[in-house]
Structures are given as C-alpha cells and as structure tokens.
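Here's a quick tour of a protein fold and the ligand that sits with it. Have a look at the structure, then read on.

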Amino acid sequence: NPSDCVSRVKPPQLLNSQNFTVDLRMPGVLPTQSDTYLCMAFPVPTTRDSYIVDFLPHASMDTVHHMLLFGCQTPVSTSSYWDCGSVQGTCEDEASIMYAWARNAPPTRLPKDVGFKVGRNSGMSYFVMQIHYGDISAFSDHHRDCSGLTLRMTLKPQPFIAGIYLLMSVDTVILPGKKVTNADVACEYDSYPIYPFAFRTHTHRLGKVVSGYRIRHGKWSLIGRQSPQLPQAFYPANKEVTVRYGDTIAARCVFTGEGRTSKTYIGGTSNDEMCNFYMMYYMDSKHAVPFMSCMDPGSKDLFQYIPAEANVPIAV
Ligand code: IYT
Ligand code: CU
Ligand code: CU
C-alpha cells in the first residue's frame with residue numbers, strides 16, 4: 001500500500017503526558033527475491049521504563065508473509081535495514097520475541113493491564129523488526145514497501161508484565177525416511193506464577209504438530225497445540241492453565257523424515273529444522289521475569305504419559 005509510505009519517518013507521537021505511539025516501518029524497500037527476510041533496528045525512544053500495551057500491524061497482504069518484533073540490547077546492525085535471512089541475524093545478544101503477525105491469522109492483543117516492559121534502563125534498548133517477504137510478484141511494478149508496526153506505549157506502570165517462555169530442542173536429529181520423530185523438551189518451573197495467554201509454534205517443513213503442557217502432580221494440561229505449517233502467529237492459549245512453582249512445563253514437536261535422503265539437524269536454514277514452543281504469559285509486575293527458556297530434553301519416563309493428542313498430526 002503506497003500510502004503507507006507517506007506517513008513513515010514519523011517521530012514518536014505524544015498522545016498525552018504518559019501515552020505515546022512508536023512507528024516501526026521499513027524505509028521503502030524493494031525485495032528482489034522471493035523469501036527475503038529484512039530486519040531493521042529502532043532505538044527504544046526513552047530511557048525510562050515504558051510499556052507496550054498494543055500492536056497495530058501495517059502489512060501488505062500480497063507480499064508480507066510474516067512480521068516479528070524482537071527486543072534486545074545489541075542488534076546485529078543499526079544502519080537502515082539488513083538481510084537477516086540466515087542464521088539468527090537479528091541481535092548479538094539474546095533477542096526476545098514480543099509480537100508475531102502472520103498472513104491469514106488474527107493478530108494477538110495483550111490482555112488489559114498487561115504490557116511488555118522496555119526502555120534503555122531495563123535492558124531493552126532496541127526493537128528489531130523482521131519482515132519476511134514471501135511472494136514478490138507484487139513488486140513487479142517496482143513500488144516500495146513500508147510495512148511495519150505501530151506500538152501503543154505508556155509510561156504508566158502496568159500491574160502485569162508480559163513475558164515469553166521459550167521451549168526449544170537443541171539436539172533433535174531426524175532420520176531420512178523415518179515416519180515419526182518426536183522432539184521432547186521439559187523443565188521444572190521455579191519462579192512466581194505465570195498466566196499463559198498465547199502461544200506460538202515454530203518448525204520448518206518437517207514439523208507436523210507442536211504441543212505445550214503443564215504437568216502438575218502427574219496430570220498433563222494442554223496450554224496449546226498447533227500445526228507449525230499454519231501461519232506462525234501467536235494463538236490464544238488455554239487460559240485455565242496457569243503455571244506455578246513446582247510445575248513442569250513440557251513440549252513435543254512431531255516431525256517426519258519422509259522425503260529426505262539425509263539426516264536433518266537443528267539449524268538455521270530451511271533444510272534444517274527447529275522445534276520451538278513459545279508461551280506468552282503475564283506475571284505480577286512485583287516479580288516479573290520477562291524471558292525464560294527451557295532446552296532440556298524431556299525424559300522417556302516423563303513423556304510416556306503425554307496425552308495421545310500430542311501425536312496426532314493437524315491437517316492443513
Ligand atoms: C535453534 C532454534 O530453535 N532457534 C529458534 C528459537 C530461538 C529464538 C530466539 C533461539 C534463540 C533466540 O534468541 I528470539 I538463541 C529460532 O530462531 N526461531 C525463529 C526466530 O528466530 C524467532 C522463529 O521464527 O521462531
Ligand atoms: Cu514467513
Ligand atoms: Cu526456524
């Protein structure tokens with residue numbers, strides 16, 4: 001949408017003494033290949049603690065396949081935009097994902113009284129936006145793209161802080177031709193209560209279904225289950241399932257090695273695989289932890305009790 005480009009380079013807009021918006025836009029780009037990933041870094045406009053309370057996507061439906069927003073301390077680059085298609089080309093330090101928009105999926109909204117805490121004093125100095133341009137045939141007219149996001153922000157402390165719990169497998173190997181390979185991840189939870197409200201799954205081509213659970217006193221409760229072949233947005237989580245000290249959080253990704261002629265490992269390219277279950281939660285701001293992760297392979301003893309649904313592929 002060319003009119004999107006008219007309003008870019010907008011400085012942060014002050015709405016009143018506490019509320020403002022921040023526009024994150026591509027600077028009029030013209031991708032020359034399908035499946036181009038472009039990233040852009042934006043300094044968080046304030047040193048003070050501030051809170052993202054809403055996201056407004058502006059994406060050209062015909063070209064943008066997905067958009068992700070990360071927060072971090074040190075982006076890979078700060079000059080205009082860069083190609084971030086290869087392995088982890090977003091931040092030098094640990095990036096934490098805060099938003100995902102994917103074509104044909106409804107975007108996530110934060111619950112009331114919940115915000116992502118950012119600000120150059122709180123260890124979140126930059127926003128990094130990644131846009132995946134899928135089919136570029138709509139660029140044959142050489143128009144330029146300014147897709148992006150508007151963040152609604154406030155300086156007003158929010159009662160609850162949003163965060164991400166990432167479960168990922170680091171050691172899965174998928175044998176060629178083998179019909180089913182499970183990647184299991186599980187960790188004991190040892191912090192203050194969290195309230196999951198959205199989840200996102202991520203694998204590459206071989207993933208069939210990804211499920212996340214809370215295990216309490218041996219009972220498995222589903223947090224979310226999705227096909228990673230559907231748009232990889234954040235989907236609503238099962239709100240009844242909250243997580244507290246002593247619970248175990250577990251995820252399983254089901255892969256198939258059919259169609260491959262060599263082993264597939266975890267890695268950054270489209271010939272590699274990943275197994276990710278992201279849980280977006282909120283937590284009382286008094287003891288907020290904005291990012292947690294789990295990379296421990298689950299034990300056979302634990303996973304023998306996983307509900308059967310976790311092994312049932314989701315038709316797409
Ligand atoms: C090896 C792997 O699974 N990488 C994932 C998860 C990951 C995300 C972040 C790892 C690290 C991070 O800082 I954020 I270290 C991965 O790269 N996932 C992709 C994006 O990078 C987010 C995805 O689309 O979920
Ligand atoms: Cu995409
Ligand atoms: Cu990946």
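A nonpolar core is a set of buried Ala, Val, Leu, Ile, Met, Phe, Trp, Tyr and Cys residues joined through C-beta atoms within 7 Å. Buried means that 20 or more other C-beta atoms lie within 10 Å of a residue's own, with the C-beta atoms placed from the backbone; 12 or fewer makes it exposed, and in between it is partly exposed. This is a predicted model, in which local features need pLDDT of at least 70, side-chain atom pairs count only at pLDDT 80 or more, and totals for chains, interfaces and linings use all residues. Residues are numbered from 1 along each chain as its sequence is written, while chains are lettered from A and ligands numbered from 1 in the order in which they are written.

**The core**
- The largest nonpolar core has 86 residues, and Phe70, Val128, Met129, Phe199, Met279 and Met280 touch the most other members.
- At least three residues of this core come from each of domain 1 (6-158) and domain 2 (161-311); domain bounds come from an automatic or database assignment.
- Take valine 128: apart from neighbours within four places in sequence, its contacts (C-beta atoms, placed from the backbone, within 7 Å) are Cys39, Ala41, Phe70, Cys72, Pro75, Thr90, Cys91 and Ala95.
- In soluble globular proteins, nonpolar side chains tend to be buried together.

**The overall fold**
- You'll find two helices and 21 strands in the protein chain; these are DSSP runs numbered from the N terminus, with helices being H or I of at least four residues and strands E of at least two.
- Buried residues come to 42% of the chain's 316 residues.
- The radius of gyration, taken over C-alpha atoms, is 20 Å, which agrees with the value near 20 Å for a compact globule of 316 residues; that rule is 2.2 Å times the number of residues to the power 0.38.

- The chain splits into domain 1 (6-158) and domain 2 (161-311).
- Their contact takes 22 residues from domain 1 and 17 residues from domain 2.

**Around the ligand**
- Ligand 1 is surrounded by residues including Leu68, Phe70, Glu94, His202 and Asn276.
- Strand S5 (64-72) and strand S7 (96-102) are the elements that give two or more residues to this shell.
- Sorted by class, the shell around ligand 1 has seven nonpolar, three polar and one charged residues. Here Ala, Val, Leu, Ile, Met, Phe, Trp, Tyr, Cys and Pro count as nonpolar, Asp, Glu, Lys and Arg as charged, and the others, Gly among them, as polar.
- Both domains take part in the shell around ligand 1, each with at least three residues.

Definitions and conventions: A residue is near a molecule or strand if its C-beta atom, placed from the backbone, lies within 6 Å of it. Two residues are in contact if their C-beta atoms, placed from the backbone, lie within 7 Å.
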